[in-house]
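Hi,

Here is the structure I promised to pass on. My notes follow below it.

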Amino acid sequence: MIYFFVFIIGLIAGSFFNCLVSRMEEGRDFVLGRSRCSFCAHLLSWQDLIPLLSFFLLKRRCRYCREKISWQYPLVELVTGGLFVWLFYFWLSQEPLLSSLFFLFLVFSFLIIIFIYDFKYLLIPDSLILIPLLITFIYFLSKEVNLWHHFLAGLFSFLFFLLIVIITLGKGMGMGDVKLVFFLGFLLGYPDILVALFSSFLIGATIGVGLILMKKKKMKSEVPFGPFLVIGTFIAYFWGINLFNWYLTLL
Ligand SMILES: [Zn+2]
């Protein structure tokens, strides 16, 4: 029952993230103001805004202009719902402190928003990196985590990605990715950040080659790297040390 409740909260949060991303991109005030259809700009009523349900009840079309609504909306809602359930389960299995509950949900919410933003607009706004970095910093301070250790992991990841951007002349990745990995390194520390980077390169390469083979993308077309970094971070945060040890046994 509690998990169902957490899932519903996740659906609503996912719906909010979708809305936040498009409003940030348009530079609009994202707290006030009702949502509008992105095609005909008609004001949406509450019946058009129920997570998941509206999308399927309206048969994925806008009620007013009949334009097709993107799959992004229900997908993000579902994934956020699932992720929230997982986070809650993970939190209960650890020492369930209120501070770690807020920390987990806040940081992973920002990671989802970064994922959507970069996927949609090939861009990561600085604020989406700075705010969770600050939250992590404060949380670590309260937990007496070795800040120096985490800072170095962030710094080395930052320099490594900066080097890639310089060598490839910014064709593969942008400065958004460079700033993002500083935060991810700081969040994960060593050796988890290695697991995150390795996983994201592996997943990115697999999907990249897949897209080229399926002729969905050309060799030169831009594929955002941020979403892969977010997936890699997710893997590393929850299974990092196990994967790292498993890898060492292979050597
Ligand atoms: Zn419309």
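Phe84 sits in helix 3, which spans residues 72-93. Bear in mind that this is a predicted model. Phe84 has a relative accessible area of 5%. That is under the 20% cut-off, so Phe84 counts as buried. Leaving aside residues up to four places away in sequence, Phe84 touches Val6, Ile9, Gly10, Ala13, Phe105 and Ser109. The C-alpha atoms of Phe84 and Leu11 are 8.9 Å apart, although 73 residues separate the two along the chain.

Helix 1 gives the most, with 8 residues.

Then the salt bridges. The structure holds 2.

One joins the side chains of Arg63 and Asp48, at 2.7 Å from N to O. Both partners lie in loops: Arg63 between helix 2 and helix 3, Asp48 between helix 1 and helix 2. They are 15 residues apart, and the pair links distant parts of the chain. Arg63 is partly exposed, at 36% relative accessibility. Asp48 is buried, at 11%.

The other pairs Lys179 with Asp126, where the closest N and O atoms are 2.8 Å apart. Lys179 belongs to helix 7 (residues 175-188) and Asp126 to helix 5 (residues 126-143), so this bridge ties together parts 53 residues apart in sequence. Lys179 is partly exposed, with a relative accessible area of 32%. Asp126 is also partly exposed, at 40% relative accessibility.

Last, the surface. Which residues make the nonpolar surface patch of about 970 Å²? They are Phe198, Leu202, Trp239, Leu243, Trp246, Tyr247, Leu248, Leu250 and Leu251. Helix 8 (192-213) and helix 9 (226-250) are the elements that give two or more residues to it. Helix 9 gives the most, with 6 residues. Leu251 lies in the segment after helix 9. Its relative accessible area is 72%. That is over the 50% cut-off, so Leu251 counts as exposed.

Over to you.

Best wishes

Methods. Residues numbered from 1 in each chain as written. Predicted model: local features only at pLDDT ≥ 70, side-chain atom pairs only at ≥ 80, totals over all residues. Heavy atoms only, no water. Helix = DSSP H or I, 4+ residues; strand = E, 2+ residues; numbered from the N terminus. Buried < 20%, exposed > 50% of the residue type's maximum accessible area, 1.4 Å probe, protein only. Contact = heavy atoms within 4.5 Å. Patch = residues over 30% accessible without salt bridge, like charges linked within 9 Å, V, L, I, M, F, W, Y side chains within 5 Å. Areas by Shrake-Rupley, 256 points an atom, 1.4 Å probe, with all protein chains shown as cover. Salt bridge = Lys/Arg side-chain N within 4 Å of Asp/Glu carboxyl O.
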